[in-house]
Amino acid sequence: LNANITTLTISNPKASGTACSFTLVLTADGTARTVTWPAAVKWPGGTAPTLTSTNTKNDTFVFITWDGGTTWYAFTAGQNS
């Protein structure tokens, strides 16, 4: 990351009734950054994780939907790695 992400579009999921997922890896540049997640993204406990700011460290997130992208369930797969 070299800037805050203010718009993130997740497109072309499988049709409702068919599960699909993707993995997103964000690499820090040494500055605290933020992501404005789409309203369809739901995090455990209702709170998105704070991104790692340590230069060259990665945060890995997994997203899954089975309703055609109406809701994306998001999980942290690893941080500061």
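Eight aromatic pairs are found in this structure, which is a predicted model.

**Aromatic pairs**

A pair of aromatic rings is described by two quantities, the distance of the centres and the angle of the planes. For Phe22 and Trp72 the centres are 5.3 Å apart and the planes meet at 70 degrees, so this pair is edge-to-face. The cut-off behind that label is an angle over 60 degrees. Phe22 belongs to strand β1, residues 20-27, and Trp72 to strand β4, residues 72-78. The pair therefore ties together parts that are 50 residues apart in sequence.

Are the two partners buried or exposed? Phe22 is partly exposed, with a relative accessible area of 27%. Trp72 is buried, at 4%.

Trp37 and Trp43 make another edge-to-face pair, with 5.2 Å from centre to centre and 70 degrees between the planes. Trp37 counts as buried at 15% relative accessibility. Trp43 counts as buried too, at 9%.

Which residues make up the aromatic cluster? Phe22, Trp37, Trp43, Phe61, Phe63 and Trp72 form one cluster. Both pairs described here thus have their rings in it.

**Accessibility**

The table lists relative accessible areas for residues discussed in this report.

| Residue | Relative accessible area | Class |
|---|---|---|
| Phe22 | 27% | partly exposed |
| Trp37 | 15% | buried |
| Trp43 | 9% | buried |
| Thr71 | 14% | buried |
| Trp72 | 4% | buried |
| Tyr73 | 32% | partly exposed |

**The sheet**

In what order do the strands of the open sheet run? The order is β1-β3-β4-β2, four strands with mixed pairing. β1 and β2 (41-42) stand at the edges. Each has a single partner strand, so one side of each is left without a neighbour in the sheet.

β3 and β4 pair in the antiparallel sense, over five bridges. Along this pairing, Phe63 stands opposite Ala74 in β4. Ile64 stands opposite Tyr73, also in β4. In a regular strand the side chains alternate between the two faces of the sheet.

β2 and β4 run parallel and are joined by two bridges. Val41 has Trp72 in β4 as its bridge partner. Trp72 is also the ring that pairs with Phe22.

**Hairpin, loop and surface**

The hairpin of β3 and β4 has six residues between the strands. Within this hairpin, Gly68 takes a positive phi near 75 degrees.

Thr71 sits in the loop between β3 (58-65) and β4. Thr71 counts as buried, at 14% relative accessibility. What does Thr71 touch, leaving aside its neighbours within four places in sequence? The contacts are Ala40, Lys42, Ile64 and Thr65.

Tyr73 lies in strand β4. At 32% relative accessibility, Tyr73 counts as partly exposed.

Conventions:
Residues are numbered from 1 along each chain as its sequence is written. This is a predicted model: local features need pLDDT of at least 70, side-chain atom pairs count only at pLDDT 80 or more; totals for chains, interfaces and linings use all residues. Side-chain values use heavy atoms; hydrogens and water are left out. Rings of Phe, Tyr and Trp (its six-membered ring) pair if their centres lie within 6.5 Å; planes under 30 degrees apart count as stacked, over 60 as edge-to-face and the rest as tilted. Buried means under 20% relative accessible area, exposed over 50%, partly exposed in between (1.4 Å probe, protein chains only). Contact means heavy atoms within 4.5 Å. Two strands pair if DSSP finds at least two bridges between them.
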